[in-house]
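Me: Could you walk me through how the two parts of one chain meet in this model? I would like each answer to finish on the value or name I ask for.

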Amino acid sequence: MRVSTPHMGHVYIPFKAIFKRLGVEFIMPPINTQRTLSLGARYSPEGLCIPFKMTLGNLIEAADMGANTLLIPGGDGICRLGYYGKVQEQVLHNLGYDTEVIQIGVSEQKFRSLMSIIRKVSGDAPWYRIISAIRFGLSKLASVDRVERVVQKVRPVELVKGTANQLYSHAISAIDKADDYDTLKRVEVDYINQLERVPRDKQVQPLIVGITGEFYVLLEPFSSFDIEQELGRMGVEVRRSTFVSEWTKFSFFLNPFGINEKKRIHRAARPYLKRDIGGDGWESVGEKVLHAEEYDGIVHLAPFTCMPEIIAQNIMLSTREKIPVLTVLCDEQIAKAGVLTRLEAFVDLLIRKRRAHSGRAQGAAA
Amino acid sequence: MTTIGIPRALLYYQYYPMWKTFFEHLGVEVVTSEPTSRNTLAKGSTRVVADTCLPVKVFVGHVLSLVDKCDYIFIPAIRSLKSRTYNCAKFLGLPDMTRAVVPESPPILEIEIDVNRGKRYLYQSIYGLGRHFNWNPLRVREAATAAMEAFISYRGLMSESRLTPLQAIDDITGIPRREPVEPSIAPTTPSATIAVIGHAYLLYDEHVNYELIHRLEQYGARVLTPEMLTEHEREAAVARLVGRAYWTYEEDVVGAGGHYLQNEVDGVIGIMAFGCGPDSLMMEILRREAGNQQTTAFMCITLEEHTSETGVITRLEAFLDMIHRRKRRRVALCV
Ligand code: SF4
Ligand code: SF4
């Protein structure tokens, strides 16, 4: 069996690790590029959101490379995502690929469904091996996240631009290669230390921008114009509360820290939006409210035609919290250059706002 | 007397008789907005971000037109009506979004319908809504029972007498039925039977779809719609095409479309709003099904705020032409 799965950020790392430990051949589709997106968009029905197009592109490329079992996320009550599989499977079959499509229910049976699917794919390996493989995969994911958090801090203040990014990509490939817990731990500690030692500009107090919005575009930098890197380059520190380790977003127990954080976000959203509306609209509203004091601004990432984020955007425009929000639509029709121009203007606005603010604060102190 | 406003948009077409009965049993007067006009849409769309779908813009317009005409506005949040089905985010966020974009609105009464959370939750939600007008749970229950009966007879009226929601609502509210349309535009062409499927709020809002159904009738076509099928027929088609229904209104789209593609009609027209999440996927299922079958013609019309009327008409005419040609060819083959 040759298994593959679409990309979403670094989610391939745990999958690779899990299947390697279980002796299953894992085919990693090429990392996301313009080609993936054009391919996916070409075979997507009109009006679909970018996660559909990108993941379809991955699946086609994987099938081209000989994958015959495709794992795609699915499940109940998670917006269009829960329905992706039905259509993607048909598209693949019509293109003549004879692949089996297995939907991973990311919402309903939580972890259990993932485990039994992996068991099935591995040809009924014993449970203890499956559990230990999954544990190892998830540890890798957690390492990636921890390194990423440090990178987000270093990017805006590093003296030599690009150092953090470079270390980050080395770290990712080292984590990917690590074959046991010891190596993994060592690699992680090593790179975090190196990142901490990167020469920084101690004078600057970087602007802080929260990144919120739809799950996939938050976690797949290619789909959202590498916005975090770009902000880092502009000297902005990025904060994001959604990390890949929640990739089974509803399996919160993987990330106990995540539960409380999500609860806090939902509570903050309640005065403006009472309920989960599918997707991540509830979180977007909540993060605006929750972090209004803490952050200088918020970048709201929304796939074009994304229903939950359109609702969120409509609501966010009228909440009392006055923090500036820039909504960035993600789609293959939207050019990166234009997005960057808007981003720069937004950052300028935040800088001016902060100056005016500190000016006032000093005035008050005197 | 207290008045409650029901916007004539979105779920109005499916549930108006039910809601009206419920509120009237609790001694509340029900007012609705006027049918959609250019003004409704124009006003609605100034309040929301441009990417909001057409039906929601229309909805906001209707709410705006009710603002000073009632004491409350009723906006339900319908998540699911059957176990393990889910609705478009816009329905779930509708009450809160409306509060955000129409701050001058009278208090918005909402009810969340989610059968996944069990009967108890449903009863509590209904009581929670009725309590605003009558705190006596028995009275609320009576009203709910009457409402349910009204709903069942409304659906029955549509599937048995083959009426559209507009005709059925007219019947129920005692408005004399409009004369059936005389074919007027091209009486020479042989008549065809066309199914029009999609969300009720696109099919029956004559302003947004440029009187599509009326126009088809003028061309001499017999028009069938999702409501004219029984629940069983629609469910069977969903099961055949996608297995289990995922979306709350999947039966109106995949169900009705799938059924008509195999039965009774010469062509199926799907109507969807630009950027509509559920329909972008469901119409694709139908398009592929029609492609596989090769027997019944299928076309999907996408509506948005700036869709041009002539564009729609041209496509409609081309579609009918094609059907007539096909029919003639078939007749020719038989002789
Ligand atoms: S949340 Fe948005 S991007 Fe995700 S499936 Fe729904 S519409 Fe698509
Ligand atoms: S189902 Fe489609 S048309 Fe209806 S509200 Fe949602 S996106 Fe808009």
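**Where the domains meet**

Reply: Happy to, and please keep in mind that this is a predicted model.

Me: How many salt bridges are counted between domain 1 of chain B and domain 2 of chain B?

Reply: The assignment places domain 1 of chain B at 3–161 and domain 2 at 179–334. Between domain 1 and domain 2 of chain B, the count of salt bridges is four.

Me: Which helix of chain B gives the largest share of the side of domain 1 that touches domain 2?

Reply: Several elements give two or more residues to that side of domain 1, among them helix 1 (12–25), strand 4 (77–80) and helix 7 (137–160) of chain B. The largest share is four residues, and the element that gives them is helix 3 of chain B.

Me: About how much area do domain 1 of chain B and domain 2 of chain B bury between them?

Reply: In terms of contact, 29 residues of domain 1 of chain B meet 27 residues of domain 2. On the domain 1 side, B:Tyr13, B:Leu54 and B:Lys82 lose the most area, together 23% of what that side buries. Carbon and sulfur atoms hold 58% of the area buried between the two domains of chain B, which comes to about 2400 Å².

Definitions and conventions:
Residues are numbered from 1 along each chain as its sequence is written. Chains are lettered from A and ligands numbered from 1 in the order in which they are written. This is a predicted model: local features need pLDDT of at least 70, side-chain atom pairs count only at pLDDT 80 or more; totals for chains, interfaces and linings use all residues. Side-chain values use heavy atoms; hydrogens and water are left out. Domain bounds come from an automatic or database domain assignment. Contact means heavy atoms within 4.5 Å. Buried area is the accessible area (1.4 Å probe) that two parts lose on being put together, summed over both. A salt bridge is a side-chain nitrogen of Lys or Arg within 4 Å of a carboxyl oxygen of Asp or Glu.
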